[in-house]
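Please take a moment with the sequence and the model shown below before reading on.

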Amino acid sequence: MLHLYGSVNSRAMRNIWMLNELGISYDHKDWLPRAPETKTPEFRALNANSRVPTIDDDGFVLSESMAINIYLAKKHKSPLYPADAKKEALVLQWSLWETDRLDRQVVDYQRHSSQLPAAERKAEVAEKAWGECCPAFDVLEDTLKKSKFLLGAEFTMADLNVASALYRALTIDLAKWPHVQTWLKTCWDRPAAKKTRALREK
Ligand SMILES: N[C@@H](CCC(=O)N[C@@H](CS)C(=O)NCC(=O)O)C(=O)O
């Protein structure tokens, strides 16, 4: 049995999307980041960082959301994860690029521009984060001008890993990046994505 530790309101969202694409059933420990359950010795034994997501797949324990998606896709031979070495490398390229250029930045921008109560927002955090998001959106826009998805005509795990991290960007004005806007909507319109999103929006 696969156990997934981590709320849909965390980076576990990208793993839930992947699991929905695969159609796999799993036991979901719907724990928020920093929830008391993540501070216990039992959970620290699974992830010494006390962070979500983490999985335990019949005793195989793994953390890091991108690594989890790669493992799940390979294990279940998902067509979203190309076997060709060059295409596989491009999926890794986009996934690692996202964690470096957008993962934290989009969260900081959205929280400090709109999500947090006004008194807790820090304009300088939002401004710095937006300053980092814009060049990353430019990179995506240039790529998506040339092809419908990041690797070409087909949706792959590169799209899933980047688009899932951009869930918060669905409510950000992306008019300056029309191809990113269209691509993001297309990705999130997939049945597995809608099912995932519904968990977060219920
Ligand atoms: N790079 C890790 C990041 C894991 C991470 O920071 N998770 C957050 C929730 S999205 C967390 O558990 N934070 C708890 C904390 O900061 O103590 C991944 O992609 O899985």
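## Helices H1 and H3

Which residues in H1 meet which residues in H3? In this predicted model, the H1 side of the contact is made by Ala 12, Arg 14, Asn 15, Met 18, Leu 19 and Leu 22, and these meet Ser 65, Ile 68, Asn 69, Leu 72 and Ala 73 in H3. Sorted by class, the residues of this contact divide into 7 nonpolar, 3 polar and 1 charged.

Two packed helices are described by the angle between their axes and the distance between the axes. For H1 and H3 the angle is about 10°, and the axes are 9 Å apart. Because angles under 35 degrees count as roughly parallel, H1 is described as roughly parallel to H3.

## The chain as a whole

The chain has 9 helices and 4 strands, and when it is read along the sequence these follow the pattern β-α-β-α-β-β-α-α-α-α-α-α-α. The C-alpha atoms fill a box of roughly 50 × 45 × 30 Å, taken along the principal axes. A compact globule with 202 residues would have a radius of gyration near 17 Å, and the chain, which has 17 Å, agrees with that expectation.

The domain assignment divides the chain into domain 1, covering 2-78, and domain 2, covering 85-190. The C-alpha centres of these two domains lie 22 Å apart, and where the domains touch, 7 residues of domain 1 are in contact with 8 residues of domain 2.

Which elements give two or more residues to the side of domain 1 that touches domain 2? They are helix H1 (12-22) and helix H3 (65-75), the pair whose packing was described above. H1 provides the largest share of that side, with 4 residues. By class, the residues on this side of domain 1 divide into 5 nonpolar, 1 polar and 1 charged.

## Helices H4 and H7

A second pair of helices is H4, made of residues 85-101, and H7, made of residues 157-165, which pack at an angle of about 10° with their axes 8 Å apart. H4 and H7 are therefore roughly parallel to each other.

Leu 90, Val 91, Trp 94, Ser 95 and Glu 98 form the H4 side of this contact, where they meet Met 157, Ala 158, Asn 161, Val 162 and Ala 165 in H7. The contact of H4 with H7 has 7 nonpolar, 2 polar and 1 charged residues.

## The surroundings of the ligand

Which residues are found around the ligand? They are Ser 10, Arg 11, Pro 33, Arg 34, Ser 50, Arg 51, Val 52, Pro 53, Glu 64, Ser 65 and Met 66, and by class this shell has 4 nonpolar, 3 polar and 4 charged residues.

Most residues other than glycine have a negative phi, and most peptide bonds are trans.

Methods:
Residues numbered from 1 in each chain as written. Predicted model: local features only at pLDDT ≥ 70, side-chain atom pairs only at ≥ 80, totals over all residues. Domains from an automatic or database assignment. Contact = placed C-beta atoms within 7 Å. Nonpolar A, V, L, I, M, F, W, Y, C, P; charged D, E, K, R; others polar. Near = placed C-beta within 6 Å. Axes fitted to C-alpha atoms, helices over the stretch in contact; angles between N-to-C directions. Parallel < 35°, antiparallel > 145°, perpendicular 65-115°, else oblique. Rg over C-alpha atoms; globule rule 2.2 N^0.38 Å.
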